[in-house]
Structure formats: structure tokens, C-alpha cells
Amino acid sequence: MIYDTIIIGGGLSGLVAGVKLASAKKRVAIITSGQSALHFLSGSIGLLSAVDGEPVSDPIASLEKLPENHPYNKIGAGRISSMAGEAADILKAAGIVVDGNAGETRYRLTPLGAWEPTWLVMDGIASCPHPSKCPWRKATVVNFHGYLDFFPEYVADGLREAGIEAECHEVKLPELVRLRKSCSEMRAASIAKILRGEVLRKLAIELNALGGDSEVLLLPAVIGLKSMQETEELQAMVKKTIRYVPVIPMSVAGVRAQSMLRNYFEKLGGTYFLGDSVSRGNFSDGRLESVHTANLGETVLEADDFILATGSFFSQGLVAKPDAIVEPVFGLDVDQTAERTERYDKNFFAPQRYMRFGVETDKEFRVSRGGKTVANLRAIGSILSGADPLKEGSGAGIALLSAVCVARKLITLN
Ligand SMILES: Cc1cc2nc3c(=O)[nH]c(=O)nc-3n(C[C@H](O)[C@H](O)[C@H](O)COP(=O)(O)OP(=O)(O)OC[C@H]3O[C@@H](n4cnc5c(N)ncnc54)[C@H](O)[C@@H]3O)c2cc1C
């Protein structure tokens, strides 16, 4: 089968590029090994929350302080704002409701009760324009009996420090108690599978019975694995406003986002090869002609263009060997310091040089191999070099914007 574009990797960047290309009626396939960083997402998407350790309140105005080879500089500072809007619209079209805009930092509540600066907050996750403008004076933090991946007292303490009155309550639902028979089963995703229908109605009754004068109920983000249907139903049944606080992964909001993007991609006509890995490629005249996958053996998949979206170390898009960091599928050129001792700082909390490693790309996000540009293979997302997503709070933003940027280029090109 010959495609217009084959995308390798079905995380946030691969899926968003796939949706954009499929929306433009391109024949697109995504080949992806498995889980992605989305399964660990907090429910918020960062664009840029700090540069050189200094917090930023206006991400767009702070772009000029980023290093020249930063992915945002390849996109072009002047285009970030419109692409951020387009990326948010793609998420919304897939059914993922998000709140926030690129010119203004938003703050979401962390599992430890702190306010973390971010860009987009997924629907229902507790957030506000600024901690000093928090809409609630009093909050009730609710946990489920026996659930250990959520720490209501930490959340309540954090709120109190910010001047918000907070109290904690526990709800006991017999349907969840059986998960405790094996403590490894009382996890976010397993709870989400049970909190629907009649059990959800029982939860609503318990929540309405809590009483008190708090304005908001803060629940662990463990409801709505496939869509927002359950969270909407629960809110309709409960008198007080409900907001959700992220928990220890699996992230229900992230799994939901991944599933909604995949469904939307397939609805648009895209082909999704789940559970397969691209193992190598066939190159000719500075172009990638086709790829082999683990499942298809000697059968190749051909395309006019390819997008590499295999992620960073976390998803094995990059692999650390004793003498070098490598890109394992095609052996692409990787931007890195040569000496192992120079890759990291022994101070765990210092900026780590290896975080900026990634595949080298030109201004069009085309990769190189043996020093030569590959004309039809572009990289997007966290495999790109030049950013420190952890210190900058830019990981998901880079994934989204580089995906939109590269997809736009391919739509205009062909
Ligand atoms: C644990 C974690 C938590 C994060 N939490 C947040 C957050 O809360 N907020 C935020 O703003 N940012 C967060 N980030 C950053 C941001 O979400 C990620 O940088 C972004 O989602 C990365 O998307 P990606 O598509 O580039 O890569 P990934 O999500 O890593 O996806 C890469 C995909 O490629 C597949 N793959 C790899 N090799 C192959 C192959 N050979 N063949 C086929 N498929 C392959 C993998 O299986 C995976 O599905 C987090 C990052 C991590 C690692």
C-alpha cells in the first residue's frame, strides 16, 4: 500500500500530525509500538513556563529568549500563536475540551496542592487564571476509600497555604472496595472502568450528602476513560461544582485524549497500525522510500513522505549507549555531547544536558543521516533536539506545534 505520509509513532505529536493530514484528505498511516507519554499526562499541556530557570507569564513574549536551535525557533516565533490556536482547535475537534490560550499562563492544581503554570488544561482539571484569582474560598477534597494514589491531605494543605479553606472527606463505594483485594488493581484506570452507570449514581448521592459550605468538590481524576460522558453525567447529578486533580499515572485524562485522537484520526480515514514497530528503512538518492516493520517482515510500506514521531528516551525514540546516544530505527544524526560524563550534571535538580539531545533537523524539520539531509523524512515531538521540556514546561507544546507545522508543510508541498 502506498501512502501520502507514514507517521512513525502514535503519541501526541504523531496523532495530531495524522489528524491534520487526514483532515486535508491525505492518505495517512500511523505505525506505533504502544503506549506513549500521553498515558502519563497530568491533564494539562505546557507551552513554555520557564526560560533559564526564570518563570514566564507570557510564553509568546518569552520565545525570543530561547536558544537558536530550539524547535519553537524553527517554527518561527511569529507563527507560534496561530499554530497554538490551530493545535487547540484540533484537540477540540477530536472532542478533547481544553481551556487556556497561548498568550497567558494558566495554573492547574498539582497532586501536591501546588499551582503549576501551564497552557491548556483539559476539561474538568482544577485550574485558574492565577492562584491569587482562584474562584473558590472553600474546597472539599474527596477521595475513595482504599485508593492510595491520591493524597487529599497534601492537596488540602496546598490550598490552605494559598489562603483557601479546605477539608477532606472519604467516600466508600462497595463496588470499588473489591479492587482492594489486589492493591495493584486499585489504580486510576481500573477505577474509571467501574465509575459509570449505577455506581456513578451512587457516587452522586454520596457527594450530595457531604453538605458543608465549600464551593467546589475536588476529586481524583479517575473518571471518564473513553470520553467525557461520565464526568458530564456526574456533574449533572451533583449540586456543587466538581473539579479533578491529577493522580499517580496511569492518567485517565491522558488515556482518554489518546483514545479520542485515535478515534478521530480513523474517522477521518487514517490507518492506525497499533502494536507494530518500524525496524528499518530503505533509502535511495537522499530519500526514504519505504519502511519495514516487526510484524510485516519483508513486506514494506511505502510513502511519499515520512514523519518520525517516536519520542525521546522514554519511548525509545532515542537510546543511550555507552559511547553515544543513538536514534535506533534509521541511525539518524543525533545532536549530543560526545563524552558520557558531559551528558549530565551530578546535581539531580540541575538542568540536564541530555534533555536537550535529539535528532538534528534543518529549519524544515528534515532529519539528516551521515551528515546528509533526508529530503522526505521529518521529525516532530520530543525526539527533536534543542529543548529542555522538563525545565521549560514545553514538552507537549513542542509535540503539538511541531506536528501542526510539519503537517502544514506537507499539505502545502503536495
Ligand atoms: C512521563 C511523561 C509525562 C509527561 N507529562 C506531561 C504533562 O503532564 N504535561 C505536559 O505538558 N507535558 C508532559 N510531558 C511531555 C509531553 O507530554 C511529551 O513530550 C509529549 O507528549 C511527547 O509526545 P511525542 O509524540 O513526541 O512522543 P511519545 O508520547 O513518547 O510517543 C512516541 C510513540 O512512538 C512509539 N514508538 C517508538 N519507537 C517506535 C518505533 N520504532 N515504531 C513505531 N512506534 C514507535 C512509542 O510507542 C510511542 O507511542 C510528559 C512526558 C513524559 C515522558
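Which side chain is joined to that of threonine 118 by a polar contact? In this predicted model, in which local features need pLDDT of at least 70, side-chain atom pairs count only at pLDDT 80 or more, and totals for chains, interfaces and linings use all residues, the partner is serine 44, at 3.4 Å. Residues are numbered from 1 along each chain as its sequence is written, and side-chain values use heavy atoms, with hydrogens and water left out. A polar contact is here a pair of N or O atoms within 3.5 Å, of which, within protein, one must be able to donate a hydrogen and the other to accept it, and residues adjacent in sequence count only if both atoms are side-chain atoms.

Threonine 118 belongs to strand S8, which spans residues 115-118; strands (E, at least two residues) are DSSP runs numbered from the N terminus. The residue is buried, with a relative accessible area of 7%, where buried means under 20%, exposed over 50% and partly exposed in between, with a 1.4 Å probe and protein chains only. Its side chain also reaches the backbone oxygen of isoleucine 45 at 3.0 Å. When residues up to four places away in sequence are not counted, the contacts of threonine 118 (heavy atoms within 4.5 Å) include Ser44, Ile45, Gly46 and Glu104.

Across the whole structure, seven aromatic pairs are found, a pair being rings of Phe, Tyr or Trp (its six-membered ring) whose centres lie within 6.5 Å, with planes under 30 degrees apart counted as stacked, over 60 as edge-to-face and the rest as tilted. One of them is the edge-to-face pair of phenylalanine 265 and tyrosine 272, with 6.5 Å between the centres and 65° between the planes. Phenylalanine 265 is buried at 0% relative accessibility, and tyrosine 272 is buried at 9%.

Phenylalanine 283 and phenylalanine 330 form another edge-to-face pair, at 5.8 Å centre to centre and 90° between the planes. Because phenylalanine 283 lies in strand S16 (residues 278-284) and phenylalanine 330 in the loop between strand S20 (325-326) and strand S21 (334-335), this pair ties together parts that are 47 residues apart in sequence. Phenylalanine 283 is partly exposed at 25%, whereas phenylalanine 330 is buried at 5%.

Strand S16 runs antiparallel to strand S17 (residues 287-293), to which six bridges join it; strands pair if DSSP finds at least two bridges between them. Asparagine 282 has serine 290 of S17 as its bridge partner. The two strands form a hairpin with two residues between them, and aspartate 285 in the turn has a positive phi of about 50°.

Technical notes
Helix = DSSP H or I, 4+ residues; strand = E, 2+ residues; numbered from the N terminus.
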